[in-house]
Amino acid sequence: MAIAIERSVVATRRVKRYRARRWAGHALTYLGLAAALVFFLGPFFWIVTTSLKGNEDFFAYPPVWIPSEPSLSHYVGLFTRSSGARYFMNSLAISSLSMLAALAVSLPTAYSIARWRFGGGFLSAFLLVLRMLPAIALIIPIYIMYKLFGLTNNYLGLVILYTVVYIPFAVWLLVGFLRDFPIEIEEAAMIDGCSRLRALAQVVVPIIAPGLAVVALFAFIATWNEFLFAIVLTGIETKTMMVLVTSFTSGGTDAFFGEASASVVLGVLPAFAVAFMLERYLVKGLALGGTKG
Amino acid sequence: MRIAAIALKRKQWEPFAFASPSLVLIAAVIVFPLAYAFYLSLQNFDLSVGPEYEYVGAQNYVEALVKDQRFLGSVWNTAVIIAPSLAIELLLGLGIALLLSRVIRGRPIITALLAIPAMVSPVMGGMAWRMMYGVKFGAINNLGRQLGILDVYFDWFGSPFIAVVAVVLVEIWHNTPFMMLVLLAGLQSIPQELYDSAKVDGATPWQSFWSITLPLLKFTMAVGVMIRLIDLTKLFGLIFILTFGGPGGATETVAFNTYLVGFKDFRMSYASALAYVIVGGVLVLTLVFLWIQRAREARAA
């Protein structure tokens, strides 16, 4: 009797200790993740609050972390004084056009590789090497050629360059999606009299549309974020957001932050959207293309 | 007979037709310019002097690899930034990935939130940090003063050493999320049964980390480090916005140095030669990367 009771007491104590340890483990896990979230998201929080601060909050000491009277005046200033609206639209237009063009050109190529093993391992390896290529090696000859053809400070020149630069990335991702596509559906369509191209456009594309969207969003964000080509090739009319933000660096680190922080908020907006939409594909997308330079 | 021949012919022709638009574009916008750059690297084309140039052989390469202290210095600077960044990104990324793998509810949303810095342009991330490093109104100095850690307005880009530390910190902020994502994917591919049976055999969590997690994660880590290493050789936007290479050239990376030679001095030929030296370095790194991939596939098969 006594032994049995003692045993059960020991057992409950063990269970309690186990539960306490597990609870402590969970607490530490979430504590660690909370610290990570503060480090990785803190700068965004600060940038957003700074962009909403008025002069009084900005110059106050002790510092004001949350604006007492939030205002959008810096955004208005950015859009009117610094022609931010124009550069925002430039970024949007250039990224969207390059995204569509890259997708349109890459899909048949990816199809050719996925269905017919076109180019064998060589083409795939070649595309991978292109992804490793430093942009700085490309921009020097491109600059000289573009100067010759009058393509600097020109939307078309930028769109062409971005389209081609993201083809390797788009092809790599699309080949993966196409390989997962059941070939039988396509063959059935072709037996019914569809041409290869029509089968691709009307049967394959609608089904792999989610995959296409993933590739498109990555191409969009990559073009949106690109800086080296943009700083070399754009002029006063064709600047993108990435180039605009560099204009706020003159005057030391303490130049007034209002419009600068507003432009950063607008510049990182797509990244937030894409990170949530593409959570499952982030590893692949970032490994193959992602942010460069 | 004739119909079969046409079908065969068409079959051989179709793959080319489908692939050709991209291949033509890549040839025109990437391959040809690269060949042209190699041709240029053997001339002495200098836009600040004039449009005429002549063949000088390997002179530019000799200058880059032997005489150019600034370029060789930038190779050293790049290495000095890469080494601590890679080490800390790997350790921190592994730590966070391990924490994330223990989370049961809400993992996708926490992962997406932590991944955001990696999706942001280096220029935008750099600008945010540049403002945070601000001497009088920056968040870091203000917070430090409020907490009583800093008692002066500290200039984070004042001395070469601190400036490198500041750049490395931003680089860690920017790319640890990538490492975390790669390692999290690697962790999730390790079968849970291994841990369960180790537990039955009385292994402590520490033991199963050393003898299950680390060995099985080795290749994932190698691939992640390789990708980061290759991308770090291209470090440009962050430098442009944070320090512009300063103070005293302490944070001038190879890509940034080449940019200055090309688009500030307009020495097109010499910049092309520098770019090719970088390409050579990156190519060696890429081959190592491919070799690791192949070894991994061989292991998996």
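Two packed helices are described by the angle between their axes and the distance between the axes. Here, axes are lines fitted to C-alpha atoms, for helices over the stretch in contact. The model is predicted.

In chain B, helix α3 (residues 69-102) packs against helix α7 (residues 160-188). Their axes lie 6 Å apart and meet at an angle of about 40°. Angles under 35 degrees count as roughly parallel, and 65 to 115 as roughly perpendicular. α3(B) is therefore oblique to α7(B). The crossing of α3(B) and α7(B) is right-handed. Nonpolar residues number 19 in the contact of α3(B) with α7(B), alongside six polar and two charged residues.

The pattern of chain B along the sequence is α-α-α-α-α-α-α-α-α-α-α-α. The radius of gyration of chain B is 25 Å, whereas the globule rule gives 19 Å for 301 residues. Chain B is well over that value, so it is more spread out than a compact globule. Its C-alpha trace spans about 85 × 75 × 35 Å along the principal axes.

Chain B is divided into two parts: domain 1 covers 1-36 and domain 2 covers 42-300. The C-alpha centres of domain 1 of chain B and domain 2 of chain B are 38 Å apart.

Chain B also touches chain A. The contact takes 79 residues from chain B and 73 residues from chain A. On the side of chain B, helix α1 (residues 2-41) gives the most, with 15 residues. By class, this side of chain B has 60 nonpolar, 13 polar and six charged residues.

Key. Residues are numbered from 1 along each chain as its sequence is written. Chains are lettered from A and ligands numbered from 1 in the order in which they are written. This is a predicted model: local features need pLDDT of at least 70, side-chain atom pairs count only at pLDDT 80 or more; totals for chains, interfaces and linings use all residues. Domain bounds come from an automatic or database domain assignment. Two residues are in contact if their C-beta atoms, placed from the backbone, lie within 7 Å. Helices (H or I, at least four residues) and strands (E, at least two) are DSSP runs, numbered from the N terminus. Ala, Val, Leu, Ile, Met, Phe, Trp, Tyr, Cys and Pro count as nonpolar, Asp, Glu, Lys and Arg as charged, and the others, Gly among them, as polar. Axes are lines fitted to C-alpha atoms, for helices over the stretch in contact, and angles run from 0 to 180 degrees between N-to-C directions. Angles under 35 degrees count as roughly parallel, over 145 as roughly antiparallel, 65 to 115 as roughly perpendicular and the rest as oblique. A crossing is left-handed if the near helix is turned anticlockwise from the far one by less than a right angle, and right-handed if clockwise. The radius of gyration is taken over C-alpha atoms; the globule rule is 2.2 Å times the number of residues to the power 0.38.
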